[in-house]
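Thank you all for coming.

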Amino acid sequence: METRLFGLTSMELRSLAYQLAVKNNISHTFCKNDLAGVDWLYGFMKRHSDLSLCQPEATSAARASGFNQVAIGKFFALLTEVVDKYKLTTSQIFNVDETGITCVAKSHSKVIACRGHRQVGAITSAERGQTVTAEICMGADGSYMPPMLIFPRVRSKPELIDGGPPGVWAEVHPSGWIQTDSFLKWFDKFVIFSRASKTHRVLLLLDGHSTHTKSLKLIDKARDAGVILLCFPPHCTH
């Protein structure tokens, strides 16, 4: 069930155990709320050491249906063709993606407080965090490009990258999200970082975000720089 993205909760498992015991006329001591007991659950998990309770990640139906053997097979066939055609090594293969970082933590560690307090606070820079986008690029050989950070601002200032990793630089946009112009600026630096040229081709793997796939400027830049762009299948980057 878990591999099909419909994993059972502990309560559902206990309910099924009760139903199976009743259906198969197996003597049992389950009598509370038509559920197997908690002790039975602990024993079951102990007997089956290959199982564990995990926190699932939300996965949309589009992702679940898009990740299939045909789509993945076509992608890897294309990937193999490109690697073989240009005889690419690990130092010539890169993957780029964006991730959002909130400047205010969503959860806090528990703190010691006087018993009876109904509300316990912890100081933060704001009650609702703003999202900063980080553009991250890694090479198949383990090399990594300094990240680009996109802040939800109108004007940039040098203090934004104080304490950041070496080579990091900042871009700004009111939304804080990646835009076509900012991705083109990142791409120019990627060409320098990867040492791409017509005689030294590099492969850049990316998802189907509109800033990647719907920009003629990006396609022309990549063609002129000797960068091969290859998109992952839709809904498969997880």
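I will go through the sheet, then the cores, then the helix pair.

Before that, please keep in mind that this is a predicted model, in which local features need pLDDT of at least 70 and side-chain atom pairs count only at pLDDT 80 or more, while totals for chains, interfaces and linings use all residues. Residues are numbered from 1 along each chain as its sequence is written, and side-chain values use heavy atoms, with hydrogens and water left out.

Let me begin with the sheet, which is open and has 6 strands in the order 4-3-2-1-5-6, with mixed pairing; strands here are DSSP runs of E with at least two residues, helices are runs of H or I with at least four, and both are numbered from the N terminus. Two strands count as paired if DSSP finds at least two bridges between them. At the edges sit strand 4 (169-172) and strand 6 (227-231), each of which pairs on one side only. Strand 2, residues 131-139, runs antiparallel to strand 3 and is joined to it by 5 bridges, and Thr 133 has Ile 150 of strand 3 as its bridge partner.

Helix 5 packs on this sheet, touching strand 1, strand 2, strand 3, strand 4, strand 5 and strand 6, and its direction makes about 165° with that of strand 3; contact means heavy atoms within 4.5 Å, and angles run from 0 to 180 degrees between N-to-C directions, with axes fitted to C-alpha atoms, for helices over the stretch in contact.

What does the largest nonpolar core contain? It has 22 residues, and those with the most contacts inside it are Cys 137, Trp 186, Phe 187, Phe 190, Leu 204 and Val 227. By such a core I mean a set of buried Ala, Val, Leu, Ile, Met, Phe, Trp, Tyr and Cys residues joined through side-chain atoms within 4.5 Å, where buried is under 20% relative accessible area, with a 1.4 Å probe and protein chains only. Helix 5 gives the most to this core, with 6 residues. A second, separate core of 9 residues includes Phe 75, Leu 88, Ile 93 and Leu 203.

Finally, the axes of helix 1 (residues 10-23) and helix 2 (residues 38-47) come within 10 Å and cross at roughly 100°, which means that helix 1 is roughly perpendicular to helix 2, a label that covers 65 to 115 degrees. Their contact involves Ser 10, Leu 13, Arg 14 and Ala 17 of helix 1, together with Val 38, Trp 40, Leu 41 and Phe 44 of helix 2.

Key
Buried means under 20% relative accessible area, exposed over 50%, partly exposed in between (1.4 Å probe, protein chains only). Angles under 35 degrees count as roughly parallel, over 145 as roughly antiparallel, 65 to 115 as roughly perpendicular and the rest as oblique.
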